[in-house]
Amino acid sequence: MPDFSLSTGVLAELRGATASDPALRVATNAVTSTDVDSVTLNRAAVTAVDPTTEIKLDTLGVTDQKQSGRCWMFAGLNVFRHRIAAALNVEDFEFSEVYLQFFDKLEKANRVLRRLDELFRSGVTDPDDRLVDNLLAHAADDGGQWNYLVNLIGAYGVVPREAMGETFNSGNTAQMDARLQTALRATAWAVRESVLAAGDGVSADTTATLIESGMRDIHRILATHLGLPPERLLWQYRDKDGDFHREGEFTPAEFRDRVFGLLADGPVGDPGDRSANHVTDYLAEYVCLVDDPREENPYGAAYSVAEETNMWGTADFSYINVGAGELKRIAEASLADGEPVWFACDVNRQFAAALGIWDADLYERDALYGTTTVSGPGTSKADQMRSRESML
């Protein structure tokens with residue numbers, strides 16, 4: 001059998017090939033004193049980007065998710081924000097993201113515990129089972145999809161930012177998430193042990209009691225980090241003309257129905273019909289489109305992602321695979337019609353955050369290292385996805 005170990009001879013050959021390379025010495029001198037992205041930034045690509053755009057929808061202030069994984073929530077709420085601000089004739093308008101964050105975390109915890117209870121009681125108790133492992137590993141994650149937002153708005157309504165403002169932990173979620181994960185996993189493990197101890201005679205009441213106790217802990221942790229969500233709010237504002245508007249008191253559901261009723265192409269029908277189902281049905285009419293060029297996932301088909309939802313009893317995230325050309329056409333049409341585009345992408349690839357630029361040739365990393373990688377020139381998006389170099 002051939003010896004493929006890193007022998008002394010192999011190591012000497014590798015060292016000789018690099019030590020004698022003057023370009024590598026220059027690269028080492030640069031990278032050991034500053035970060036790689038600064039050294040590899042392609043100036044030609046930066047200067048080639050034209051910052052002007054034909055269509056600009058609004059001039060509202062930027063919303064900031066800070067150090068949290070709430071991009072899906074911020075972007076989703078921003079789809080409607082500028083039209084509501086225009087309808088109210090105000091300088092700015094922002095929903096409270098932390099209000100929905102509270103209930104998103106609470107609902108995710110309930111779903112994970114109920115799903116694990118379902119699995120354990122069906123006989124799937126191995127913690128190394130792929131689904132059990134995934135549920136335990138990602139308990140209390142920040143991330144989400146469009147259907148998460150639809151679920152939350154339908155169930156809990158919305159409130160303006162001033163009714164429940166950001167906290168340190170809403171925008172810096174690491175510690176909060178860690179405490180939630182601990183509570184979730186402890187509860188899940190207690191449910192599993194209860195099922196194993198009882199065998200076929202396990203009582204649903206027994207596991208339900210354990211889950212209810214765990215949910216009380218989850219709620220207390222969330223209240224500690226985020227505060228308690230308002231049950232009612234006083235809504236008043238001053239418009240661009242200086243006129244003061246005292247709209248009165250609203251529940252979050254009433255406020256949702258009021259502001260979504262302002263959308264020119266929003267919920268239609270009887271003006272009095274602003275029920276939760278009515279608004280949720282309107283939000284659910286939005287369709288998520290993707291470009292997945294892998295042959296095994298043909299264009300023109302609809303797909304769903306198993307276990308990709310935040311609330312027990314709701315449908316998994318779904319999308320239609322249409323290709324990049326169709327994505328561009330529909331995005332342009334949406335913008336031309338005054339409709340912002342909610343989108344997700346592999347944001348950490350070829351992205352300069354400080355400059356606000358994405359470009360396929362933005363960083364010349366292979367040139368720095370003298371390498372050829374899977375994401376190098378000529379490598380297809382499909383192959384990058386198959387090799388796990390990139391993702392949807």
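A: This is a predicted model. Start with the largest nonpolar core, which holds 68 residues. The members that touch the most other members are F80, F95, L100, L116, F255 and F260. Helix α6, residues 97–121, gives the most to this core, with 12 residues. In soluble globular proteins, nonpolar side chains tend to be buried together.

Now take L116. Beyond its neighbours within four places in sequence, L116 is in contact with V132, L135, L136 and A188. Another core lies apart from the largest one. This other core has 7 residues, among them A45, V46, A352 and Y363.

Y363 leads on to T40. T40 touches Y363, and also L362, E364, R365 and L368, not counting residues up to four places away in sequence. T40 sits in helix α3, residues 36–40. The relative accessible area of T40 is 3%, under the 20% cut-off, so T40 counts as buried.

Last, the strands. Strand β5 covers residues 318–321. Its partner β3, residues 289–290, runs parallel to β5, and 2 bridges join them. There, V290 has N321 of β5 as its bridge partner. Strand β4, residues 302–304, pairs with β5 in the antiparallel sense over 3 bridges. There, Y303 has Y319 of β5 as its bridge partner.

The side chains of β5 alternate. Y319 and N321 point to one face and are buried.

Key: Residues are numbered from 1 along each chain as its sequence is written. This is a predicted model: local features need pLDDT of at least 70, side-chain atom pairs count only at pLDDT 80 or more; totals for chains, interfaces and linings use all residues. Side-chain values use heavy atoms; hydrogens and water are left out. Helices (H or I, at least four residues) and strands (E, at least two) are DSSP runs, numbered from the N terminus. Buried means under 20% relative accessible area, exposed over 50%, partly exposed in between (1.4 Å probe, protein chains only). Contact means heavy atoms within 4.5 Å. A nonpolar core is a set of buried Ala, Val, Leu, Ile, Met, Phe, Trp, Tyr and Cys residues joined through side-chain atoms within 4.5 Å. Two strands pair if DSSP finds at least two bridges between them.
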